[in-house]
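Me: Please take a close look at one helix pair in this model. Then place that pair in its wider setting.

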Amino acid sequence: MTYDLLSTIIYNLFSPYMLGLALIGVVLGLVFGALPGVSSTMALAVMLPFTYGMETAPAMVLMLAVFFSSVYAGSVSAILLNIPGTPGAMITLLDGNAMAREGKAAEAMAYALIASIFGGIIGWIFLVILAPTIATYALQFGSPEYAAVVLFGLALVAYASSGDMLRGLAAGAMGLIIGLVGRDQVTDVPRFTFGTADLQGGIDIIPLAIGLFGIAEVLSLLIRSKTDTPAVAVSRARTWPKFSELLGELPTVLRSSTIGTFVGAIPAAGSAVAVALAYACEKRLSKSPEKFGTGIPRGVVAPEAANNACVGGALIPMLTLGIPGDSITAVLIGVLLLHGLRPGPGLFENQPDLVVTIYGALFVAILLTALVAGLIGIPVYRKILAIPQRLLTAAVLVLCLLGAYAVRNAVVDVWVAIFFGAVGFAFIRLNIPVLPLAFGAVLGPLLEENLRRTLIIHRDVSVFFERPISLVLVCLSLAILLLPVCIMGLSYMRKRRIHR
Amino acid sequence: MKLKATLGAASLLSTLAVSAFAQTFPEGPITWVVNWPAGGGQDTTSRMVADHLSGALGVPVVIENYDGAGGLTGMRELAKADADGYTIGMLGASSVIQQYTTDEPVMMDQLDVLSFFGPDPGALTVGAGTAYQTLDDYVSAVKEAPGDVPNGNDPPGGASYISAAIMESALGLELNKVPYAGYAPTVTALLGGEVESATVPLPQVLEHAVSGDVRILGVMSGARHFLAPDIPTFEEQGYDVLAGDFRAIVAPAGLPADVAAILSEALIEVLSAEEFITLANTAGYMIEPLGAEEASARITAFDEQVYPVLEEAGLVTNPK
Amino acid sequence: MSQTLNKYHDIQTDRGEVINDIVSGCLCLALALGLAGVHFSQAGRLHDDFARDPGPALLPLILLAALGLAGGGLTLRGWFGLKKTTASSNQSSLMSLWPAALAVALMCAFLPLRHILGAALALCLIGAALAVLAGRSDNVPWFFTAVFGGVIGLILYALFHFGLSVPL
């Protein structure tokens, strides 16, 4: 890579045309991403036809701008309305929406933005410096390792979700059963479809989350009388946190971003695993884990940094191996294919200029997202809270209906959202934790599929203890799951001794 | 005389009416149903054709993605739409297979075929770390250890699973068919050495073959693949295996004949255009523009080929 | 960990939580039994032998057992809790949940209404009704609330239909 080539590319990236395209992409991403049910994939697919007539570089600039900004904007509806637009935002809403209910919505969005930007940049640095190394590591991740990491994630979620253990177990079992609905990934046999073809594709996680978090929350607000405090107070509180407070979150950002990048680089792992790992890791390391879920910035920073670091991570297998890590990078590969470029192992040698352009485009997207979201986005999003409560309630419920439908344009998803809205409401009334159900539904199918595939390939489970990565992860998971039981048993015995 | 004139005028009027209808056929936007989510091969090819078809017909062609139930949701949406030509869509091998493997399927007689888009032949690829240098090596090795060679493919009923099953039954092999959710995880598993071979279409593994990470042993089509003209077909190597996915453009059954003709002609025109073929080929898609009848024949042939394979694999829940 | 234990204590002494235990325990048991019925009566390949693969029928079995155990545990704990606690007078009645039930009913009306009136009108009506429901105790004329709610429904419809070309 000569200096001349590099400077030409950078000069091109900062030309008014490119910056204008990136700006359009960022604004569209911030609008689309904030709508629940509108995934980054959908935002990119809507933009796809516009890239047909463009050169490769501007096309990638536009797409990456939409990509990155829509991933950040997913946190907005989670914080403001308690509706997760993506599985990655399911954790953000725990503390984010709790902050918003204390009147610190703008501050929560600012924390989310700052964490997203730093997460994005750290993911980007990993991408630029370590892409081939991480790709090699990602390839070593076979079915046993994958099953082990999902088991670890489930153990961490069990650990991270607060509340009564029996109820958590019930909710987790329900979530895992929800994950069974539809055709089995290994044998194609339908399970719990009740004879309808609509459920054969399974229960999509977004309508489920929209119901469980969004609709349920609004329903429990509806039954309150007027004298209660408003759900989300509009306050004149500050938006930007103090520098010293931000500095305190730096280790969290670094840890979560690293987790996000590596999990993002494993093809098909997805951001749900990344945010669960990051959140649980922070909770484990925190001196006051009981504060998580009550509206602390760290509960927003950890998942958002991980979620956005996933963007850089997901580009690693795409650029080095030509393998899309998720549906979003699949669209990006589609763009490259339409321009006659076939990403793969040869891309770095044959098309170094394109690789550098993609690096640059992602960096420009991150910077512009910071600028636009910080200066215009947050103040505008904040205005949503100025809408009177009665209208906001109506808007959120209508948005839940539309968002659930828009995910797959499937009517059944609307019923799924409404049904799980009622379920989530019942959970709130009965004081059952919701998180084990949501994550059981996300992680259950991944665990089963990889576990059974491991058995099909290796015949028996001893393989988990023969491979180093899976051995470590399985032992850690068992430790996390069994430790509380042991502690409880010990304290029970001690109590009995005292009683005697 | 007068009567004759009236009759003549009437018949003239009726022909006029018909041709007037035909000429005015696409009066508004046409909806194009894609039965897979945005970003996949079905979606990309659909968007390319829709974009050009819109130019040929002079009306917007709007893509609608229906995801779910392994593509069945979209097919049902298409089959139940009005048969007026304003709703068309794309169909692949999986929709033909689903007729026999799912509850409440969309049968092929619920759809009218408009044109063929092209085949997407399967290929047999092995990891560079394996001992198989040629197709002969592979076949004899699998025969020696039946059920032990892990092959990466779709879950049962998917295109690359069917390719593997067709190869098994044609050559008397028994593989350990390991299911992965789509082509990307399959290729990852092949590169990581978790499976020794894979039956995904050639474009998915081409770059890895160029870089030497995998070896493509043969293509399961009648002719060599345009992207890799140096890789021989199964037939050339003495094995009679023809398998793979395909794409065709369909509409709900009962389309008025003239509307079907207009759409079919427009599609052939689009698919045969030099510019379109270049675009599709650079993106890795094989184009074979065939009219309604030939396309129907192709689909029927596939249907007849795949049914016994499904039956043998015990996948048929909805027998013919 | 101590937090879980504290919570455990609260659950044992609070009458409301005891009722919650019994209700959720019974629901879990009923769900587990019902689904087990569905699972075992399913025909087809579900219960076949899949050689190396443990098969699609195993995990549902384990999970239903787990759900049943959790349900049984909750019911038992609630049963013992009933003896330890006394009924408190300020139990909220089920009737106070009517706004939530009405909102769910309104949302359920969306799909049938969409068939009859089209999505735009359906969303407009549902938006208006939900706004009136949410603002039932506000000091604003219900008519204005309804109009604004309807307009919001229409705006969101337009956003998804035209902005994102969602086939509504």
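Reply: Start with helix H5 (residues 92–101) and helix H6 (residues 105–139) of chain A. Their axes come within 7 Å and cross at roughly 145°. Axes here are lines fitted to C-alpha atoms, for helices over the stretch in contact, and angles run from 0 to 180 degrees between N-to-C directions. Helices (H or I, at least four residues) and strands (E, at least two) are DSSP runs, numbered from the N terminus.

The model is predicted: local features need pLDDT of at least 70, side-chain atom pairs count only at pLDDT 80 or more, and totals for chains, interfaces and linings use all residues. Residues are numbered from 1 along each chain as its sequence is written, while chains are lettered from A and ligands numbered from 1 in the order in which they are written.

H5(A) passes H6(A) in a right-handed crossing. H5(A) brings Thr92(A), Gly96(A), Met99(A) and Ala100(A) to the contact. H6(A) answers with Ala105(A), Glu107(A), Ala108(A) and Ala112(A). Contact means C-beta atoms, placed from the backbone, within 7 Å. By class, the contact has five nonpolar residues, two polar and one charged. Ala, Val, Leu, Ile, Met, Phe, Trp, Tyr, Cys and Pro count as nonpolar, Asp, Glu, Lys and Arg as charged, and the others, Gly among them, as polar.

Now Glu107(A), which sits in helix H6 of chain A. Glu107(A) counts as buried because 23 other C-beta atoms lie within 10 Å. The cut-off for buried is 20 or more such atoms within 10 Å; 12 or fewer is exposed, in between is partly exposed, and C-beta atoms are placed from the backbone. Gly96(A) is 11 residues from Glu107(A) in sequence and 9.3 Å away, C-alpha to C-alpha.

Next, the wider setting. In chain A, 58 residues are in contact with 62 residues of chain C. H17(A) gives the largest share of the chain A side, 12 residues. That side divides into 38 nonpolar, 10 polar and 10 charged residues.

Of its 168 residues, 30% are buried. Among chain C contacts with a separation of 6 or more, 62% join residues 24 or more positions apart.

Technical notes. A crossing is left-handed if the near helix is turned anticlockwise from the far one by less than a right angle, and right-handed if clockwise. Two residues are in contact if their C-beta atoms, placed from the backbone, lie within 7 Å.
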